[in-house]
Amino acid sequence: MEFECAPLEGITDAVYRRTHQKYYPGVTRYYTPFMSPTHHHVFTNRQLRELDPANNGPLLPVPQLLGKNAEDFLWAARELADMGFAEVNLNLGCPSGTVAAKGKGAGFLARPEELDAFLEAVFREAPLPISIKTRIGAERPEEFPRILALLEQYPVCRLIIHPRTRTEFYKGPVHRDVFRDAAAATGLPLCYNGDLFTPEDILGFQREFPGIDTVMLGRGLIADPGLVGKMAGLPGDKTTLYRFLEELGQEYIRVFDGPQNAMHRMKAIWTYVLCSFRDGESFRKRLGKTRRFDDMQAVAEEIFQTSELMPCADLHRVV
């Protein structure tokens with residue numbers, strides 16, 4: 001089975017991706033958090049740093065684009081092709097209210113005529129294969145058969161399905177029945193994404209869907225960076241996790257030219273990692289209240305000294 005790392009804004013940047021590859025090999029594809037090309041047709045310096053192969057480790061990510069203007073999407077795709085990328089991903093899954101209000105991300109799913117025109121234009125001229133990450137509807141799961149029929153008109157190289165609607169965000173159970181119906185109905189290459197937090201979750205999915213050979217891991221992989229290795233029989237251990245987080249923190253200090261912004265980034269990562277420690281919740285408030293990098297590190301050291309690793313606790317409240 002292939003394992004993909006989902007794009008999480010404010011988490012899976014280039015620093016995270018290359019450091020994760022170093023300590024936890026086994027992920028097949030990483031995706032960049034979405035970039036929104038504009039009519040100015042220029043990548044920002046921050047985006048260029050994210051895309052620079054020198055900043056990404058041996059495995060180049062798949063750039064993810066968010067937008068509804070075909071001309072802007074195609075400009076970005078051409079630039080990415082010139083940079084050496086082999087694929088581009090279209091974001092039809094972001095549930096953010098501000099994104100959806102602009103008719104982008106999962107909000108695009110509520111505008112099927114506009115989406116169809118957009119896809120027709122970009123697939124007609126795309127210089128790269130296009131994969132799509134989608135939700136199953138804007139408001140109701142019953143929307144997905146119509147959405148899937150629309151997507152099937154185009155040569156999507158991989159369709160990544162998160163079986164929740166936009167309005168559900170990450171709450172409530174995923175609609176596995178909708179994914180099951182889609183898998184039976186379509187010939188598009190499918191990848192599943194949603195609530196795979198432990199090896200047991202992944203093995204259960206494999207038993208339920210033996211014909212699906214690719215899954216995308218998001219919150220579960222951030223909470224347990226060694227999750228993919230566990231599927232290959234490698235035990236999780238605190239020493240590797242400690243070294244991974246230690247190097248991440250030092251890399252962020254270097255990239256952000258100081259410890260303050262590095263602390264905020266590491267706190268965001270610890271929001272998930274705490275779910276992999278038996279007594280992690282008891283440290284959440286203390287970790288959140290720290291105001292200096294060294295103070296945050298002191299709490300982190302105490303966590304490693306006093307708490308044992310365990311399978312991820314419930315991640316539904318961590319968004």
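Let's start with the second largest pocket and who lines it. Helix α10, residues 227-231, gives the largest share of that lining, four residues. Helices α8 and α11, the latter spanning 238-255, each supply at least two residues as well. Helices here are DSSP runs of H or I with at least four residues, strands are runs of E with at least two, and both are numbered from the N terminus.

Before going on, the ground rules. This is a predicted model, where local features need pLDDT of at least 70, side-chain atom pairs count only at pLDDT 80 or more, and totals for chains, interfaces and linings use all residues. Residues are numbered from 1 along each chain as its sequence is written, and side-chain values use heavy atoms, with hydrogens and water left out.

Back to the second largest pocket. Its volume is about 360 Å³. The lining holds 26 residues, and D224, G226, K230, P235 and G236 lie nearest the centre. By class, that is 16 nonpolar, six polar and four charged. For the classes, Ala, Val, Leu, Ile, Met, Phe, Trp, Tyr, Cys and Pro count as nonpolar, Asp, Glu, Lys and Arg as charged, and the others, Gly among them, as polar.

You'll want the method. We use a 1 Å grid over the protein atoms alone. A pocket is an open set of points with protein on both sides within 12 Å along at least five of seven lines. A cavity is a set of points where a 1.4 Å probe fits but cannot get out. Lining residues have an atom within 4 Å of a point. Points are joined across faces, edges and corners, and the volume is the space filled by probe spheres set on the points.

Now the largest pocket. Its volume is about 600 Å³. It is lined by 32 residues, with P7, L8, E9, P95 and Y170 nearest its centre. Strands β5 (130-135) and β8, plus helices α9 (219-223) and α12 (259-273), each supply at least two lining residues.

The largest cavity has a volume of about 70 Å³. Its lining is Y242, L245, E246, M266, W270, Q297, A300, E301 and F304. Helix α14, residues 293-306, gives the most, with four residues. α11 and α12 each supply at least two. By class, six are nonpolar, one is polar and two are charged.

Stay on α14 for a moment. E302 sits in this helix. E302 is partly exposed, at 28% relative accessible area. The scale is this: buried is under 20%, exposed is over 50%, and partly exposed is in between, with a 1.4 Å probe and protein chains only. Leaving out residues up to four places away in sequence, E302 touches F283, R286 and S307. Contact means heavy atoms within 4.5 Å. E302 and F283 are 19 residues apart in sequence, and 9.1 Å apart C-alpha to C-alpha.

Next, the sheet. Eight strands form an open sheet, in the order β2-β1-β8-β7-β6-β5-β4-β3, with parallel pairing. Two strands pair if DSSP finds at least two bridges between them. The edge strands are β2 (29-30) and β3 (64-65), each pairing on one side only. β3 runs parallel to β4, residues 88-92, through two bridges. There, Q64 stands opposite N89.

Three bridges join β7 to β6, residues 159-162, in parallel. I161 has Y192 as its bridge partner. On the β8 side, residues 214-217, two bridges do the joining, again parallel. N193 stands opposite M216 there. From β7 the chain crosses through α8, residues 199-208, to β8, in a right-handed β-α-β crossover. β6, α7 (176-185) and β7 also make a right-handed unit. Right-handed means that, with the strands pointing away from the viewer, the path from the first strand over the helix to the second runs clockwise.

Last item: helix α1, residues 14-23. Eight of its 10 residues are buried, so α1 is largely enclosed by the rest of the structure. The buried ones are A14, V15, Y16, R17, R18, T19, H20 and Q21. They pack against β2, α2 (45-51), α9, α11 and α12.
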